Amino acid sequence: ILLRPCYLLYLCGMKILIIGGGNMGLTYARSLLRAHLTTEEQLMIQQAARDFAQNDLLPEVIERDDAQRFPAEEVKKMGELGFLGMMVDPKYGGSGLDTLSYVLVMEELSKVDASCSVVVSVNNSLVCYGLEQYGTEAQKKKYLTRLASGECIGAFCLSEPEAGSDATSQRTTAIDKGDHYVINGTKNWITNGSSAEIYLVIAHTDKEKGHKGINAFIVERGMDGFEIGPKENKLGIRGSDTHSLIFNDVKVPKENRIGEDGFGFKFAMKTLSGGRIGIAAQALGIATGAYELALKYSKERKAFGTEIANHQAIAFKLADMHVSIEAARLLVYKAAMDKDNGENYDISGAMAKLYASKVAMDVTVEAVQVHGGNGFVKDYHVERLMRDAKITQIYEGTSEIQKIVISRSIIKG
Ligand code: CAA
(Lines give C-alpha, C1' and ligand atoms only; values in the text may rest on other atoms or scores of the structure.)
Protein backbone atom coordinates (compact mmCIF):
# COMPACT_ATOMS: atom_id res chain seq x y z
CA ILE A 1 0.00 0.00 0.00
CA LEU A 2 2.84 2.34 0.89
CA LEU A 3 4.30 1.79 -2.53
CA ARG A 4 1.16 2.79 -4.34
CA PRO A 5 1.83 6.52 -4.72
CA CYS A 6 5.33 5.60 -5.86
CA TYR A 7 3.96 4.21 -9.11
CA LEU A 8 3.10 7.68 -10.24
CA LEU A 9 5.97 9.41 -8.49
CA TYR A 10 8.26 7.11 -10.42
CA LEU A 11 6.53 8.05 -13.63
CA CYS A 12 6.38 11.78 -12.95
CA GLY A 13 9.21 13.64 -14.54
CA MET A 14 10.15 10.92 -16.99
CA LYS A 15 8.15 10.89 -20.17
CA ILE A 16 6.67 7.49 -20.78
CA LEU A 17 7.50 5.84 -24.07
CA ILE A 18 4.03 5.74 -25.46
CA ILE A 19 2.87 3.00 -27.73
CA GLY A 20 3.90 3.85 -31.23
CA GLY A 21 6.58 6.22 -29.95
CA GLY A 22 4.75 9.21 -31.39
CA ASN A 23 4.68 7.71 -34.90
CA MET A 24 2.46 9.58 -37.28
CA GLY A 25 0.16 7.78 -39.65
CA LEU A 26 -0.45 4.50 -37.88
CA THR A 27 -2.94 2.49 -39.82
CA TYR A 28 -6.22 1.62 -38.21
CA ALA A 29 -5.41 -2.11 -38.29
CA ARG A 30 -2.06 -1.56 -36.56
CA SER A 31 -3.72 0.59 -33.94
CA LEU A 32 -6.24 -2.11 -33.23
CA LEU A 33 -3.56 -4.74 -32.91
CA ARG A 34 -1.65 -2.58 -30.50
CA ALA A 35 -4.68 -1.52 -28.56
CA HIS A 36 -4.27 -4.11 -25.86
CA LEU A 37 -0.49 -3.98 -25.74
CA THR A 38 0.00 -1.62 -22.87
CA THR A 39 3.45 -0.84 -21.51
CA GLU A 40 4.60 -2.01 -18.11
CA GLU A 41 4.29 1.56 -16.84
CA GLN A 42 0.74 1.86 -18.09
CA LEU A 43 -0.15 -1.41 -16.37
CA MET A 44 1.33 -0.06 -13.11
CA ILE A 45 -0.75 3.08 -13.40
CA GLN A 46 -3.82 0.98 -14.11
CA GLN A 47 -3.07 -1.12 -11.01
CA ALA A 48 -2.60 2.02 -8.89
CA ALA A 49 -6.01 3.29 -10.01
CA ARG A 50 -7.60 -0.13 -9.40
CA ASP A 51 -6.17 -0.28 -5.86
CA PHE A 52 -7.27 3.27 -5.13
CA ALA A 53 -10.81 2.56 -6.40
CA GLN A 54 -11.12 -0.59 -4.28
CA ASN A 55 -9.53 0.77 -1.11
CA ASP A 56 -10.59 4.41 -1.12
CA LEU A 57 -13.67 4.79 -3.33
CA LEU A 58 -15.66 1.60 -2.81
CA PRO A 59 -16.19 1.70 0.99
CA GLU A 60 -18.45 4.80 1.03
CA VAL A 61 -19.65 4.99 -2.55
CA ILE A 62 -23.26 4.09 -1.66
CA GLU A 63 -23.40 6.65 1.16
CA ARG A 64 -21.96 9.41 -1.04
CA ASP A 65 -24.53 8.64 -3.74
CA ASP A 66 -27.39 8.64 -1.22
CA ALA A 67 -26.34 11.88 0.45
CA GLN A 68 -25.22 13.55 -2.82
CA ARG A 69 -21.90 14.14 -1.05
CA PHE A 70 -18.97 15.46 -3.09
CA PRO A 71 -15.90 13.19 -2.65
CA ALA A 72 -13.64 15.97 -1.34
CA GLU A 73 -11.21 13.72 0.57
CA GLU A 74 -11.02 11.26 -2.30
CA VAL A 75 -10.32 14.05 -4.80
CA LYS A 76 -7.50 15.29 -2.58
CA LYS A 77 -5.96 11.80 -2.61
CA MET A 78 -6.37 11.58 -6.38
CA GLY A 79 -4.39 14.81 -6.62
CA GLU A 80 -1.61 13.26 -4.52
CA LEU A 81 -1.58 10.24 -6.83
CA GLY A 82 -1.13 12.50 -9.85
CA PHE A 83 -4.55 11.71 -11.36
CA LEU A 84 -5.69 15.32 -11.72
CA GLY A 85 -3.07 16.51 -14.19
CA MET A 86 -2.16 13.26 -15.85
CA MET A 87 -1.16 14.54 -19.28
CA VAL A 88 0.24 17.89 -18.17
CA ASP A 89 3.96 18.54 -18.53
CA PRO A 90 5.74 18.00 -15.17
CA LYS A 91 7.11 21.55 -15.41
CA TYR A 92 3.51 22.71 -14.77
CA GLY A 93 2.94 20.21 -11.96
CA GLY A 94 1.51 17.39 -14.08
CA SER A 95 2.37 13.70 -14.41
CA GLY A 96 3.54 13.94 -18.04
CA LEU A 97 1.74 10.78 -19.12
CA ASP A 98 -0.08 9.86 -22.31
CA THR A 99 -3.80 9.72 -23.10
CA LEU A 100 -3.92 5.92 -22.95
CA SER A 101 -2.68 5.99 -19.33
CA TYR A 102 -5.38 8.55 -18.57
CA VAL A 103 -8.02 6.33 -20.19
CA LEU A 104 -6.86 3.33 -18.13
CA VAL A 105 -7.23 5.37 -14.94
CA MET A 106 -10.65 6.71 -15.97
CA GLU A 107 -11.80 3.16 -16.68
CA GLU A 108 -10.68 1.82 -13.29
CA LEU A 109 -12.16 4.69 -11.28
CA SER A 110 -15.44 4.54 -13.21
CA LYS A 111 -15.89 0.83 -12.51
CA VAL A 112 -16.47 1.87 -8.91
CA ASP A 113 -17.44 5.55 -8.72
CA ALA A 114 -18.35 7.63 -11.76
CA SER A 115 -18.98 10.68 -9.53
CA CYS A 116 -15.26 10.67 -8.76
CA SER A 117 -14.11 9.91 -12.27
CA VAL A 118 -16.02 12.84 -13.77
CA VAL A 119 -13.94 15.16 -11.57
CA VAL A 120 -10.81 13.57 -13.06
CA SER A 121 -12.22 13.82 -16.59
CA VAL A 122 -13.24 17.49 -16.43
CA ASN A 123 -10.06 18.58 -14.66
CA ASN A 124 -7.76 16.69 -17.04
CA SER A 125 -9.38 16.90 -20.45
CA LEU A 126 -11.28 20.13 -20.36
CA VAL A 127 -9.56 22.44 -17.89
CA CYS A 128 -5.88 21.38 -17.81
CA TYR A 129 -5.76 20.46 -21.49
CA GLY A 130 -7.43 23.73 -22.52
CA LEU A 131 -4.98 25.80 -20.50
CA GLU A 132 -1.86 23.85 -21.48
CA GLN A 133 -2.66 23.93 -25.20
CA TYR A 134 -4.04 27.43 -25.56
CA GLY A 135 -3.10 29.40 -22.45
CA THR A 136 -0.29 31.94 -22.18
CA GLU A 137 2.85 31.13 -20.19
CA ALA A 138 1.61 33.43 -17.41
CA GLN A 139 -1.79 31.67 -17.33
CA LYS A 140 -0.08 28.28 -17.15
CA LYS A 141 2.18 29.36 -14.31
CA LYS A 142 -0.63 30.99 -12.36
CA TYR A 143 -3.46 28.50 -12.91
CA LEU A 144 -2.33 25.27 -14.59
CA THR A 145 0.28 24.41 -11.96
CA ARG A 146 -2.35 24.53 -9.22
CA LEU A 147 -4.87 22.50 -11.23
CA ALA A 148 -2.44 19.84 -12.43
CA SER A 149 -0.86 19.26 -9.03
CA GLY A 150 -4.27 18.78 -7.40
CA GLU A 151 -3.99 21.90 -5.25
CA CYS A 152 -7.42 22.84 -6.60
CA ILE A 153 -9.85 21.69 -9.27
CA GLY A 154 -11.44 23.48 -12.20
CA ALA A 155 -14.75 23.66 -14.06
CA PHE A 156 -15.65 24.13 -17.73
CA CYS A 157 -18.57 26.51 -18.23
CA LEU A 158 -20.15 26.29 -21.67
CA SER A 159 -23.77 25.13 -21.24
CA GLU A 160 -26.56 27.59 -20.53
CA PRO A 161 -30.31 27.30 -19.89
CA GLU A 162 -30.90 28.10 -23.60
CA ALA A 163 -27.63 26.74 -25.05
CA GLY A 164 -26.85 23.07 -24.47
CA SER A 165 -26.28 21.20 -27.73
CA ASP A 166 -26.59 24.44 -29.71
CA ALA A 167 -23.40 25.81 -28.22
CA THR A 168 -23.13 28.94 -30.40
CA SER A 169 -26.38 30.31 -28.90
CA GLN A 170 -24.57 31.67 -25.84
CA ARG A 171 -26.41 34.43 -24.01
CA THR A 172 -23.66 35.13 -21.50
CA THR A 173 -21.86 38.30 -22.54
CA ALA A 174 -18.36 39.59 -21.88
CA ILE A 175 -18.11 43.28 -22.70
CA ASP A 176 -14.67 44.68 -23.54
CA LYS A 177 -13.89 47.62 -21.23
CA GLY A 178 -10.29 48.22 -22.25
CA ASP A 179 -8.11 46.53 -19.64
CA HIS A 180 -10.85 44.14 -18.52
CA TYR A 181 -14.08 42.40 -19.57
CA VAL A 182 -17.38 42.49 -17.69
CA ILE A 183 -19.22 39.16 -17.72
CA ASN A 184 -22.99 38.79 -17.25
CA GLY A 185 -25.12 35.67 -17.61
CA THR A 186 -25.94 32.23 -16.26
CA LYS A 187 -24.29 28.86 -16.86
CA ASN A 188 -26.06 25.56 -16.25
CA TRP A 189 -25.22 21.97 -15.26
CA ILE A 190 -21.64 22.84 -14.38
CA THR A 191 -19.62 19.87 -13.08
CA ASN A 192 -17.49 20.76 -10.01
CA GLY A 193 -19.72 23.85 -9.78
CA SER A 194 -19.25 24.56 -6.08
CA SER A 195 -15.94 22.75 -5.52
CA ALA A 196 -13.84 24.35 -8.23
CA GLU A 197 -11.61 27.35 -7.72
CA ILE A 198 -10.83 28.05 -11.37
CA TYR A 199 -13.57 28.30 -14.02
CA LEU A 200 -13.15 28.43 -17.80
CA VAL A 201 -16.12 30.48 -18.96
CA ILE A 202 -17.31 30.80 -22.56
CA ALA A 203 -19.13 34.03 -23.44
CA HIS A 204 -20.12 36.24 -26.37
CA THR A 205 -18.05 39.37 -26.81
CA ASP A 206 -19.77 40.31 -30.08
CA LYS A 207 -23.06 38.61 -30.97
CA GLU A 208 -23.04 40.06 -34.51
CA LYS A 209 -20.05 37.89 -35.33
CA GLY A 210 -21.75 34.57 -34.47
CA HIS A 211 -19.31 31.90 -33.30
CA LYS A 212 -16.38 34.19 -34.20
CA GLY A 213 -17.60 36.61 -31.51
CA ILE A 214 -17.19 34.05 -28.71
CA ASN A 215 -14.30 34.06 -26.22
CA ALA A 216 -13.11 31.94 -23.29
CA PHE A 217 -12.06 33.45 -19.96
CA ILE A 218 -10.45 32.29 -16.73
CA VAL A 219 -12.66 33.27 -13.80
CA GLU A 220 -11.54 32.76 -10.22
CA ARG A 221 -13.85 31.72 -7.43
CA GLY A 222 -14.39 34.72 -5.19
CA MET A 223 -14.32 37.35 -7.95
CA ASP A 224 -16.92 40.02 -7.20
CA GLY A 225 -20.32 39.28 -8.76
CA PHE A 226 -19.60 35.57 -9.28
CA GLU A 227 -22.22 33.51 -7.49
CA ILE A 228 -22.70 29.75 -7.21
CA GLY A 229 -26.34 28.90 -7.93
CA PRO A 230 -28.51 25.98 -6.80
CA LYS A 231 -27.24 22.40 -6.82
CA GLU A 232 -28.99 19.96 -9.17
CA ASN A 233 -30.73 16.91 -7.66
CA LYS A 234 -29.72 14.29 -10.21
CA LEU A 235 -30.61 10.76 -11.35
CA GLY A 236 -26.97 9.64 -11.42
CA ILE A 237 -23.42 10.75 -10.57
CA ARG A 238 -25.03 12.14 -7.44
CA GLY A 239 -21.69 12.62 -5.67
CA SER A 240 -20.60 15.06 -8.36
CA ASP A 241 -21.66 18.63 -7.53
CA THR A 242 -23.54 20.06 -10.48
CA HIS A 243 -24.58 23.69 -10.16
CA SER A 244 -25.74 26.68 -12.10
CA LEU A 245 -23.40 29.67 -11.93
CA ILE A 246 -24.42 33.31 -12.02
CA PHE A 247 -22.22 36.10 -13.35
CA ASN A 248 -23.35 39.55 -12.34
CA ASP A 249 -20.97 42.26 -13.63
CA VAL A 250 -17.92 40.07 -12.99
CA LYS A 251 -14.75 42.05 -13.85
CA VAL A 252 -12.17 39.78 -15.48
CA PRO A 253 -8.71 41.13 -16.38
CA LYS A 254 -7.90 41.12 -20.10
CA GLU A 255 -4.94 38.78 -19.51
CA ASN A 256 -7.48 36.11 -18.47
CA ARG A 257 -8.85 35.73 -22.00
CA ILE A 258 -7.66 32.46 -23.55
CA GLY A 259 -6.24 32.73 -27.07
CA GLU A 260 -6.78 35.35 -29.76
CA ASP A 261 -9.95 37.45 -29.81
CA GLY A 262 -12.80 35.28 -31.19
CA PHE A 263 -11.12 31.94 -30.47
CA GLY A 264 -13.59 30.90 -27.73
CA PHE A 265 -15.90 28.64 -29.76
CA LYS A 266 -13.03 26.76 -31.38
CA PHE A 267 -11.39 26.54 -27.97
CA ALA A 268 -14.54 24.86 -26.63
CA MET A 269 -14.84 22.49 -29.59
CA LYS A 270 -11.17 21.48 -29.59
CA THR A 271 -11.18 20.93 -25.86
CA LEU A 272 -14.41 18.92 -25.97
CA SER A 273 -12.95 16.62 -28.64
CA GLY A 274 -10.46 15.35 -26.04
CA GLY A 275 -13.06 15.47 -23.27
CA ARG A 276 -15.17 13.01 -25.21
CA ILE A 277 -12.37 10.42 -24.98
CA GLY A 278 -12.44 10.79 -21.19
CA ILE A 279 -16.22 10.33 -21.04
CA ALA A 280 -15.99 7.36 -23.41
CA ALA A 281 -13.49 5.81 -20.96
CA GLN A 282 -15.87 6.59 -18.12
CA ALA A 283 -18.69 4.80 -19.96
CA LEU A 284 -16.39 1.85 -20.64
CA GLY A 285 -15.51 1.65 -16.94
CA ILE A 286 -19.15 1.79 -15.84
CA ALA A 287 -20.03 -1.00 -18.29
CA THR A 288 -17.08 -3.13 -17.16
CA GLY A 289 -17.89 -2.62 -13.49
CA ALA A 290 -21.49 -3.73 -14.03
CA TYR A 291 -20.44 -6.70 -16.17
CA GLU A 292 -17.92 -7.92 -13.58
CA LEU A 293 -20.56 -7.74 -10.85
CA ALA A 294 -23.09 -9.59 -13.02
CA LEU A 295 -20.56 -12.30 -13.89
CA LYS A 296 -19.61 -12.83 -10.23
CA TYR A 297 -23.23 -12.86 -9.09
CA SER A 298 -24.31 -15.31 -11.79
CA LYS A 299 -21.61 -17.77 -10.69
CA GLU A 300 -22.79 -17.61 -7.07
CA ARG A 301 -26.57 -17.28 -7.22
CA LYS A 302 -28.42 -20.56 -7.64
CA ALA A 303 -31.84 -21.13 -9.20
CA PHE A 304 -33.47 -24.34 -10.41
CA GLY A 305 -30.68 -26.37 -8.82
CA THR A 306 -27.67 -24.71 -10.44
CA GLU A 307 -25.74 -21.41 -10.62
CA ILE A 308 -27.71 -19.05 -12.85
CA ALA A 309 -24.66 -18.66 -15.17
CA ASN A 310 -25.43 -22.22 -16.27
CA HIS A 311 -28.79 -21.10 -17.64
CA GLN A 312 -28.49 -20.08 -21.26
CA ALA A 313 -30.75 -17.05 -20.71
CA ILE A 314 -28.10 -15.60 -18.38
CA ALA A 315 -25.03 -17.00 -20.17
CA PHE A 316 -26.06 -15.32 -23.44
CA LYS A 317 -26.50 -11.99 -21.66
CA LEU A 318 -22.95 -12.33 -20.32
CA ALA A 319 -21.67 -13.15 -23.81
CA ASP A 320 -23.38 -10.08 -25.31
CA MET A 321 -22.04 -7.84 -22.54
CA HIS A 322 -18.52 -9.18 -22.98
CA VAL A 323 -18.46 -8.67 -26.75
CA SER A 324 -19.90 -5.16 -26.66
CA ILE A 325 -17.47 -4.07 -23.93
CA GLU A 326 -14.54 -5.44 -25.90
CA ALA A 327 -15.66 -3.54 -29.01
CA ALA A 328 -16.10 -0.34 -26.99
CA ARG A 329 -12.65 -0.79 -25.45
CA LEU A 330 -11.04 -0.99 -28.89
CA LEU A 331 -12.76 2.22 -29.98
CA VAL A 332 -11.80 4.06 -26.78
CA TYR A 333 -8.15 2.97 -26.88
CA LYS A 334 -7.99 3.77 -30.60
CA ALA A 335 -9.19 7.33 -29.95
CA ALA A 336 -6.64 7.75 -27.13
CA MET A 337 -3.86 6.45 -29.36
CA ASP A 338 -4.90 8.78 -32.18
CA LYS A 339 -4.45 11.68 -29.75
CA ASP A 340 -1.10 10.35 -28.53
CA ASN A 341 0.10 9.82 -32.10
CA GLY A 342 -0.74 13.37 -33.14
CA GLU A 343 -3.55 12.25 -35.43
CA ASN A 344 -7.00 13.80 -35.68
CA TYR A 345 -9.21 12.45 -32.89
CA ASP A 346 -12.40 14.51 -33.37
CA ILE A 347 -14.13 11.62 -35.11
CA SER A 348 -12.54 8.66 -33.30
CA GLY A 349 -13.35 10.37 -29.97
CA ALA A 350 -16.96 10.98 -31.06
CA MET A 351 -17.31 7.36 -32.21
CA ALA A 352 -15.82 6.06 -28.96
CA LYS A 353 -18.17 8.19 -26.85
CA LEU A 354 -21.24 7.36 -28.95
CA TYR A 355 -20.62 3.62 -28.80
CA ALA A 356 -19.20 3.23 -25.29
CA SER A 357 -22.04 5.25 -23.75
CA LYS A 358 -24.63 3.04 -25.48
CA VAL A 359 -22.77 -0.05 -24.25
CA ALA A 360 -22.72 1.41 -20.73
CA MET A 361 -26.48 1.89 -20.81
CA ASP A 362 -27.24 -1.54 -22.34
CA VAL A 363 -24.83 -3.47 -20.10
CA THR A 364 -25.94 -1.83 -16.86
CA VAL A 365 -29.62 -2.50 -17.62
CA GLU A 366 -28.76 -6.16 -18.26
CA ALA A 367 -26.58 -6.34 -15.14
CA VAL A 368 -29.58 -5.25 -13.06
CA GLN A 369 -31.67 -7.92 -14.82
CA VAL A 370 -29.09 -10.64 -14.07
CA HIS A 371 -29.24 -9.64 -10.39
CA GLY A 372 -33.06 -9.92 -10.37
CA GLY A 373 -34.62 -8.41 -7.22
CA ASN A 374 -31.19 -7.83 -5.71
CA GLY A 375 -30.30 -5.67 -8.71
CA PHE A 376 -33.00 -3.22 -7.65
CA VAL A 377 -31.39 -2.83 -4.22
CA LYS A 378 -28.62 -0.32 -3.57
CA ASP A 379 -26.28 -2.73 -1.77
CA TYR A 380 -25.54 -4.58 -5.00
CA HIS A 381 -24.18 -1.47 -6.81
CA VAL A 382 -25.60 -2.25 -10.26
CA GLU A 383 -28.63 0.05 -9.92
CA ARG A 384 -26.26 2.97 -9.22
CA LEU A 385 -24.09 2.05 -12.21
CA MET A 386 -27.24 1.99 -14.37
CA ARG A 387 -28.24 5.46 -13.15
CA ASP A 388 -24.68 6.75 -13.63
CA ALA A 389 -24.46 5.33 -17.17
CA LYS A 390 -27.23 7.59 -18.52
CA ILE A 391 -25.26 10.84 -18.25
CA THR A 392 -22.52 9.49 -20.53
CA GLN A 393 -25.06 9.70 -23.39
CA ILE A 394 -25.75 13.33 -22.52
CA TYR A 395 -22.79 15.38 -21.27
CA GLU A 396 -19.87 16.61 -23.35
CA GLY A 397 -22.13 16.31 -26.38
CA THR A 398 -25.23 14.10 -26.51
CA SER A 399 -25.24 10.94 -28.63
CA GLU A 400 -27.17 12.90 -31.25
CA ILE A 401 -24.41 15.55 -31.34
CA GLN A 402 -21.79 12.80 -31.79
CA LYS A 403 -23.82 11.54 -34.76
CA ILE A 404 -23.79 15.07 -36.24
CA VAL A 405 -20.01 15.22 -35.85
CA ILE A 406 -19.49 11.74 -37.34
CA SER A 407 -22.00 12.06 -40.19
CA ARG A 408 -20.74 15.49 -41.26
CA SER A 409 -17.23 14.09 -41.43
CA ILE A 410 -18.08 10.97 -43.46
CA ILE A 411 -20.32 12.88 -45.88
CA LYS A 412 -17.68 15.58 -46.39
CA GLY A 413 -15.14 12.78 -47.03
N1 CAA B 1 -12.35 21.66 -33.63
C2 CAA B 1 -12.08 22.88 -34.15
N3 CAA B 1 -13.01 23.66 -34.72
C4 CAA B 1 -14.27 23.18 -34.78
C5 CAA B 1 -14.63 21.91 -34.26
C6 CAA B 1 -13.59 21.14 -33.68
N7 CAA B 1 -13.83 19.92 -33.14
N8 CAA B 1 -15.96 21.72 -34.47
C9 CAA B 1 -16.42 22.83 -35.08
N10 CAA B 1 -15.39 23.72 -35.27
C11 CAA B 1 -15.43 25.03 -35.91
C12 CAA B 1 -15.93 24.91 -37.36
O13 CAA B 1 -14.87 24.61 -38.25
C14 CAA B 1 -16.49 26.30 -37.60
O15 CAA B 1 -15.45 27.21 -37.85
P16 CAA B 1 -15.34 28.02 -39.27
O17 CAA B 1 -16.63 28.76 -39.42
O18 CAA B 1 -14.15 28.90 -39.09
O19 CAA B 1 -15.17 26.97 -40.32
C20 CAA B 1 -17.06 26.67 -36.23
O21 CAA B 1 -16.38 25.84 -35.27
C22 CAA B 1 -18.54 26.45 -36.14
O23 CAA B 1 -18.78 25.10 -36.45
P24 CAA B 1 -20.19 24.55 -36.92
O25 CAA B 1 -20.72 25.42 -38.03
O26 CAA B 1 -20.03 23.10 -37.19
O27 CAA B 1 -21.08 24.84 -35.62
P28 CAA B 1 -22.52 24.34 -35.25
O29 CAA B 1 -23.26 25.48 -34.66
O30 CAA B 1 -23.15 23.64 -36.41
O31 CAA B 1 -22.26 23.31 -34.04
C32 CAA B 1 -21.69 21.25 -32.99
C33 CAA B 1 -21.41 22.23 -34.13
C34 CAA B 1 -20.75 20.08 -33.25
C35 CAA B 1 -23.12 20.74 -33.02
C36 CAA B 1 -21.35 21.94 -31.64
O37 CAA B 1 -22.26 22.98 -31.37
C38 CAA B 1 -21.33 20.98 -30.46
O39 CAA B 1 -20.38 20.23 -30.29
N40 CAA B 1 -22.38 21.03 -29.61
C41 CAA B 1 -22.38 20.25 -28.35
C42 CAA B 1 -21.85 21.06 -27.21
C43 CAA B 1 -21.37 20.18 -26.09
O44 CAA B 1 -20.69 19.20 -26.27
N45 CAA B 1 -21.69 20.60 -24.88
C46 CAA B 1 -21.22 19.90 -23.71
C47 CAA B 1 -21.17 20.82 -22.55
S48 CAA B 1 -19.71 20.73 -21.63
C49 CAA B 1 -19.93 19.49 -20.49
O50 CAA B 1 -20.82 18.69 -20.57
C51 CAA B 1 -18.85 19.45 -19.50
C52 CAA B 1 -19.16 18.86 -18.20
O53 CAA B 1 -19.30 19.57 -17.21
C54 CAA B 1 -19.09 17.39 -18.02
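# Pocket, cavity and helix contacts

Reader: Which element gives the largest share of the lining of the largest pocket?
Author: A pocket is an open set of points on a 1 Å grid over the protein atoms alone, where a 1.4 Å probe fits, with protein on both sides within 12 Å along at least five of seven lines; lining residues have an atom within 4 Å of a point. Helices (H or I, at least four residues) and strands (E, at least two) are DSSP runs, numbered from the N terminus. Seven residues of the lining, the largest share, come from H9.

Reader: What kind of model is this?
Author: Residues count from 1 along each chain as its sequence is written. Side-chain values use heavy atoms, without hydrogens and water; local features need pLDDT of at least 70, side-chain atom pairs 80 or more, while totals for chains, interfaces and linings use all residues, and the model is predicted.

Reader: What volume does the largest pocket have?
Author: A volume is the space filled by probe spheres set on grid points, joined across faces, edges and corners. For the largest pocket it comes to about 1500 Å³.

Reader: Which of its lining residues are closest to the centre of the largest pocket?
Author: Helix H7 (114–134), strand E3 (180–191), helix H9 (264–300), H11, helix H12 (382–391) and helix H13 (399–412) each give two or more residues to the lining. In total, 49 residues line the largest pocket. The closest to its centre are Leu272, Arg276, Glu396, Gly397 and Ile401.

Reader: How many residues of each class line the largest pocket?
Author: Ala, Val, Leu, Ile, Met, Phe, Trp, Tyr, Cys and Pro count as nonpolar, Asp, Glu, Lys and Arg as charged, and the others, Gly among them, as polar. The lining splits into 22 nonpolar, 15 polar and 12 charged.

Reader: How are H9 and H12 placed, roughly parallel or roughly antiparallel?
Author: Their axes (lines fitted to C-alpha atoms over the stretch in contact) lie 10 Å apart, at about 160°. In H9, Ile286, Gly289, Ala290 and Leu293 make the contact (heavy atoms within 4.5 Å). In H12, the partners are Val382, Leu385, Asp388 and Ala389. Angles run from 0 to 180 degrees between N-to-C directions, and those over 145 count as such, so H9 and H12 are roughly antiparallel.

Reader: How many residues of each class make the contact of H6 with H9?
Author: The axes of helix H6 (residues 99–112) and H9 come within 7 Å and cross at roughly 40°. Residues of H6 including Thr99, Tyr102 and Val103 meet residues of H9, among them Ile277, Gly278 and Ala281. The contact has seven nonpolar, seven polar and three charged.

Reader: How many residues of each class make the contact of H10 with H11?
Author: Helix H10 (residues 312–340) and helix H11 (residues 346–371) pack at about 155°, with axes 9 Å apart. H10 and H11 are therefore roughly antiparallel. Among the contact residues are Ile314, Lys317 and Met321 of H10 and Ser348, Gly349 and Met351 of H11. The classes are 16 nonpolar, four polar and four charged.

Reader: Which helix gives the most to the lining of the largest cavity?
Author: In a cavity the probe fits but cannot get out. There is one cavity of 30 Å³ or more, and the largest has a volume of about 40 Å³. Val61, Arg64, Asp65, Arg69, Pro71, Asp113, Ser115, Gly239 and Arg384 line it. With three residues, the most comes from helix H4.

Technical notes
Parallel < 35°, antiparallel > 145°, perpendicular 65-115°, else oblique.
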